[in-house]
Amino acid sequence: MVANLRTCGSRSKTGCRTCKLRRVKCDESKPHCQRCQSAQRVCTYTPSKKPPRPGLRMVIYTAPQASASLAGARTGCPQTQEALNFFVHEARGRLFPVEFCHAVLRASQSEAVLGHAICAFGALQRVYEFGEGRTCTSPGPGDGGGGGVRGGIEATNSAMRFATREYGKALGMLRARRQEERQSHDVALVCSVLFACFECLRGCRRAAIIHIASGLNLLRQMEMEGSAWDVVSRRVIRALFTRLDSQLVEVLGVGVGETLGEDGIRTPGAMVMGEDAGPGEGDLREDLDELMNAILREKLDSVMGAQVSGGRSASGKLLSALETWHARFANAESDPERSSQMKEDDAVLRIWYLVGKMYLTIRPSDPETAWDQFSDEFETILGLCEIYISESKRTSTPRNYTFSFSLGIVPPLFITAQRCRNASIRRRAIHLLSTCRRREIVWDSAYAAEAAQRVMEIEESAAFDAATRQPADLRVRTLKAILDDEDGVKVLFE
């Protein structure tokens with residue numbers, strides 16, 4: 001609202017020319033002022049070049065209230081409101097990009113399926129991070145925690161039932177839309193992201209992997225067909241699925257095709273081809289995500305024998321791109337105007353830069369002892385993880401568990417615990433994994449700690465070879481994860 005307020009004592013500059021010349025007050029009547037008419041003088045006005053400006057201008061702005069209306073949501077339902085508020089305050093920015101959350105919340109006012117998906121995810125994340133008692137399918141021993149969801153365990157169970165109902169509604173609506181052939185592809189892609197995170201929160205990783213792979217295949221189809229992006233921009237959705245694809249490769253490795261084939265899902269292709277993974281000039285996190293995706297895919301291709309020749313040249317190009325990214329990162333670190341959130345992310349970015357360098361240096365044909373050259377890097381990664389966890393506890397709201405969609409610290413800690421032969425570093429890494437209580441999409445810190453503990457026990461059990469009277473060098477070369485929504489995760493060691 002704009003209001004013009006009159007100011008006392010302001011001098012008129014818009015009187016007629018005759019009154020101005022005679023230096024008398026003009027009443028500014030038009031076409032002729034009263035003074036000139038009574039004296040029968042010629043009365044003319046100077047044409048104004050600008051519209052008259054008020055003496056004082058006040059602008060009163062009322063900020064728009066956050067909309068709590070979701071298509072298909074029950075108006076006034078406390079659980080709906082709590083789930084929505086949690087998504088707005090906890091998922092926006094901390095979990096997903098702000099641009100993604102704003103676009104999805106806006107679209108949910110007309111797309112009921114998105115409204116139910118948001119409520120399902122928001123309610124379950126709230127239970128997982130702040131619920132009382134054994135929430136979702138929580139990891140390992142020592143599970144549980146304090147309050148956070150008001151009303152104790154009964155309120156937690158009620159919130160779980162609400163989240164499951166909302167998830168079922170969203171799945172049903174999406175299925176019906178597909179059968180009626182009125183499906184909006186980018187709505188389905190957004191649902192794939194939220195559904196995958198929902199399944200990860202409740203511990204159903206195989207179902208999460210299916211949502212991720214289906215979304216990746218749909219994204220490829222949209223890009224080939226040149227489909228319109230009505231809800232979220234192509235850049236934002238690609239950034240999210242690049243991270244999801246990296247998790248697919250990290251967790252399943254060479255078993256990705258076998259795992260998806262059992263469910264009739266086609267194995268998605270690489271999000272970022274090695275030759276296309278340039279240093280970039282955009283967001284540092286997104287650029288590193290793309291580089292890490294290309295590095296992980298190149299590593300997988302090398303293991304599976306897809307690169308009979310040219311593998312070393314491909315890794316050389318990626319290493320050059322990674323070093324270029326690091327130079328940009330170093331310049332950005334010295335910028336005094338960087339936000340506090342960017343500075344908090346610096347530790348994670350440095351960690352993944354070191355992980356990327358190690359992956360590009362080690363080739364599938366190298367012996368396991370090749371990892372021993374990275375003792376300093378492992379110690380640096382561990383120190384940065386300790387700093388990150390400490391800072392997170394200091395700056396964020398205390399919670400029982402943490403769910404994250406970022407690059408994260410669980411995979412680097414697991415690599416450190418698995419590959420580093422320094423007993424002290426290895427044990428510190430396992431301790432951090434077992435105590436940090438983090439779930440980073442598919443990765444779970446408690447399960448990673450158990451697998452790393454078993455690797456250490458296997459390798460240290462063969463510390464001395466009685467036959468040769470020499471120390472044995474038994475190494476676990478590969479781990480294969482088998483995901484089962486009923487029995488959790490099984491890990492095969494080789």
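Which residues does F87 touch, not counting residues up to four places away in sequence? In this predicted model, F87 touches R92, F96, C101, L105, I118, F121 and L194. The setting of these contacts is described below, beginning with the chain as a whole.

The protein chain has 494 residues, of which 47% count as buried. Its secondary structure consists of 17 helices and 7 strands. Among contacts with a separation of 6 or more, 70% are made by residues 24 or more positions apart. The accessible surface of the chain comes to about 25,200 Å², and carbon and sulfur atoms account for 51% of this area.

In soluble globular proteins, nonpolar side chains tend to be buried together. In the present model, the largest nonpolar core contains 120 residues. F87 is among the residues with the most contacts inside this core, together with F96, F100, F121, V190 and F405. Helix α7 supplies the largest share of the core, with 13 residues.

For residues 15–45, UniProt lists "domain: Zn(2)-C6 fungal-type" in an unreviewed entry. In the model, this span is 35% helix and 0% strand, and its end C-alpha atoms lie 7 Å apart.

Helix α4, formed by residues 98–107, has several buried positions, namely F100, C101, A103, V104, L105 and A107. Two of these residues, C101 and L105, are touched by F87. The cover over the buried residues of α4 includes helices α3 (78–91), α5 (112–130), α7 (185–201) and α9 (234–252).

E99 also lies in helix α4. Buried residues have under 20% relative accessible area, and exposed residues have over 50%. E99 has a relative accessible area of 40%, and it is therefore classed as partly exposed. Leaving aside neighbours within four places in sequence, E99 is in contact with S233, R235 and V236. With S233, the contact includes a polar one between the two side chains, at 3.3 Å. The C-alpha atoms of E99 and V232 are separated by 8.0 Å, although the two residues are 133 residues apart along the chain.

Technical notes. Residues are numbered from 1 along each chain as its sequence is written. This is a predicted model: local features need pLDDT of at least 70, side-chain atom pairs count only at pLDDT 80 or more; totals for chains, interfaces and linings use all residues. Side-chain values use heavy atoms; hydrogens and water are left out. UniProt positions are given in the numbering used here, feature names are shortened, and annotations may be inferred rather than shown by experiment. Helices (H or I, at least four residues) and strands (E, at least two) are DSSP runs, numbered from the N terminus. Buried means under 20% relative accessible area, exposed over 50%, partly exposed in between (1.4 Å probe, protein chains only). Contact means heavy atoms within 4.5 Å. Accessible areas come from the Shrake-Rupley method with a 1.4 Å probe; for residues, only the protein chains shown count as cover. A nonpolar core is a set of buried Ala, Val, Leu, Ile, Met, Phe, Trp, Tyr and Cys residues joined through side-chain atoms within 4.5 Å. A polar contact is a pair of N or O atoms within 3.5 Å; within protein, one must be able to donate a hydrogen and the other to accept it, and residues adjacent in sequence count only if both atoms are side-chain atoms.
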